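I opened my notebook to keep a record of what I looked up, one topic after another. Here is the structure I worked from.

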Amino acid sequence: MSRKLRLGALLLSFCLLMGCALPVAEEAEEPLQETVAEEPETKEEKPFGLAWEPDETLNPYSCMVLSNRTVLSLLYEPLFTVNADFTATPYLCESLTSSGDGRTHTLTLRQGVTFSNGTALTAADAAASIRAAQNSEYYGSRLQDILSVQATGDLQLTITTGSACGSLPSLLNVYVVQAATTGDTIPVGTGPYRCDGTQLLQTDWWRETKPPVSEETIGLVSVSSAADIRDSFERGDVTLVCADPNAGAQLTYHTDYELWNNNTTVLQYVGFNLSSPVFAYTPVRTAVTHALDRDTIISNTALGFATTATLPASSRWDGYDQKLAAKYGYDEEAFEKILESSEIRDYDEDGILEIYTGSGTQSLKGTLLVCNTSEQRTAAAQMVVDALNSRGFDLTVKSLDYDEYVYALRTGSYDLYYGEVRLRPDFDLSGFFNASGSLSYGGMADGTLATLCDRAVENIGNVYELHSEIMSRGMLCPILCKTYAIYSGRGRVTNLNPCLDGVFTLPYGE
């Protein structure tokens with residue numbers, strides 16, 4: 001799917017992977033290719049280069065930097081890919097079968113897969129890779145229910161989970177490396193390139209297809225900031241960049257490029273303190289979702305690099321029910337009906353809505369927290385407050401640095417907050433509603449919702465009841481799912497079909 005842009009300056013943003021996000025649990029539409037008109041002068045084509053932060057690792061389990069993770073998808077390959085619609089497809093794993101209770105899973109690997117050093121991929125390598133991923137910051141939270149991983153044959157391994165896990169394939173888009181190298185800075189992988197420290201060299205790749213990049217050698221261009229990445233791309237030293245335009249400060253960018261949008265599982269949402277004098281009341285919370293025009297928030301703050309999320313998942317996911325989402329979208333009439341049918345009726349002398357409580361009235365006043373490391377999140381939080389205040393609330397934005405922000409959430413020093421979290425590829429929400437969940441702020445732990453989360457993991461995509469319960473009770477107010485931007489010099493890559501966490505990864509069979 002493509003669209004043309006006329007000549008002119010385009011304001012876009014680059015940033016590093018880790019902005020100010022809440023503690024994470026854990027990316028991609030059919031690529032949206034966008035072409036910006038060429039500059040009149042003809043420039044000599046430079047060698048293919050990728051941005052690389054040398055102070056950060058190229059180990060897939062410990063790498064947390066988006067620029068380096070872009071490089072990873074040429075060095076390593078996953079057991080499964082999570083594709084444009086967030087469905088899992090076997091890659092290095094040829095098949096997966098599960099026992100009747102859904103707790104014992106047998107994986108069979110493809111034959112003929114070799115590492116860049118010529119040795120054959122075995123189940124022992126896959127098992128060692130999963131165990132390394134379990135102990136990593138990047139993958140650890142999604143694999144926490146795995147009790148054991150054992151190689152049971154040359155190409156067969158068995159995974160045991162603590163509970164039924166129908167979404168396991170989605171969680172296993174984990175890069176595989178040679179067992180003896182799982183702790184190395186640059187492990188040995190099965191991808192179409194290997195790294196000698198400063199450049200990528202083409203290998204005798206085991207697949208018959210061609211990778212999206214055809215160069216025998218790819219240079220690694222040292223960068224240390226988002227501005228470095230932008231400048232290196234404009235000079236032509238860096239040929240392709242995957243960036244998060246909605247984290248950190250905005251950078252103006254002027255050059256000639258092709259552009260793809262790459263969906264992610266990064267959710268932004270409004271969360272509530274259920275002990276707040278205002279947001280303890282369900283009608284107040286449920287009214288909020290109808291007061292927010294998410295499309296306007298996206299167009300004004302996210303530069304178009306986001307998709308509307310009325311439900312707590314990406315709208316590109318098969319489990320996202322559009323009819324249910326429509327029931328809880330922006331709707332001024334629905335907002336007014338909630339006021340009419342609840343105890344939120346009158347205005348005080350300052351024109352602020354009041355709710356009737358058992359001991360009197362409470363004006364709809366409060367504080368919304370936001371982490372200040374992202375201009376986009378700060379601007380979106382202000383738009384949320386402005387929209388609610390225009391409808392009778394009296395809210396103020398409190399912008400804090402990361403440590404202060406997390407401390408305020410943990411101590412309940414807020415009424416509502418604007419949050420961001422990278423969810424697992426199966427969009428599991430248990431982190432919000434389990435008593436020990438890392439996102440269970442403001443008394444959100446709830447046994448009924450936690451049980452529905454478990455059912456959704458057991459039977460992936462079975463989330464209608466969960467989403468309906470969340471929205472009808474106003475437990476969360478989702479806003480958007482972010483997309484990343486992939487910028488490339490015109491004509492420098494072919495057949496690019498980015499997967500979640502795999503810019504260059506071609507789904508098996510393509």
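**Strand 3 and its partner**

I began with Gly-49, and I found that this residue stands opposite Gly-219 in strand 14. I note here that the model is a predicted one. Looking along the pair, I saw that strand 3 (residues 49-52) and strand 14 (residues 217-222) run parallel and are joined by four bridges.

Next I asked which residues of strand 3 lie on each side. Gly-49 and Ala-51 are on one side, Leu-50 and Trp-52 are on the other, and all are buried, so that both faces of the strand are covered. I reminded myself that in a regular strand the side chains alternate between the two faces of the sheet.

**Cysteines**

I then asked how many disulfides there are, taking a pair of cysteine sulfur atoms within 2.5 Å as the cut-off. The count comes to zero. For Cys-453, which is in no disulfide, the nearest cysteine sulfur belongs to Cys-165 and is 13 Å away. Cys-453 has 1% relative accessibility and therefore counts as buried. Cys-481 is likewise in no disulfide, and its nearest cysteine sulfur, that of Cys-477, is 13 Å away. With 1% relative accessibility, Cys-481 also counts as buried.

**A serine in a loop**

Last, I looked up where Ser-275 lies, and I found this residue in the loop between strand 16 (258-272) and helix 5 (282-291). Is Ser-275 buried or exposed? Its relative accessible area is 63%, which means that Ser-275 is exposed, the cut-off being over 50%. I also compared Ser-275 with Asn-300: they are 25 residues apart in sequence and, from C-alpha to C-alpha, 32 Å apart in space.

Note on methods:
Residues numbered from 1 in each chain as written. Predicted model: local features only at pLDDT ≥ 70, side-chain atom pairs only at ≥ 80, totals over all residues. Heavy atoms only, no water. Buried < 20%, exposed > 50% of the residue type's maximum accessible area, 1.4 Å probe, protein only. Helix = DSSP H or I, 4+ residues; strand = E, 2+ residues; numbered from the N terminus. Pairing = 2+ DSSP bridges.
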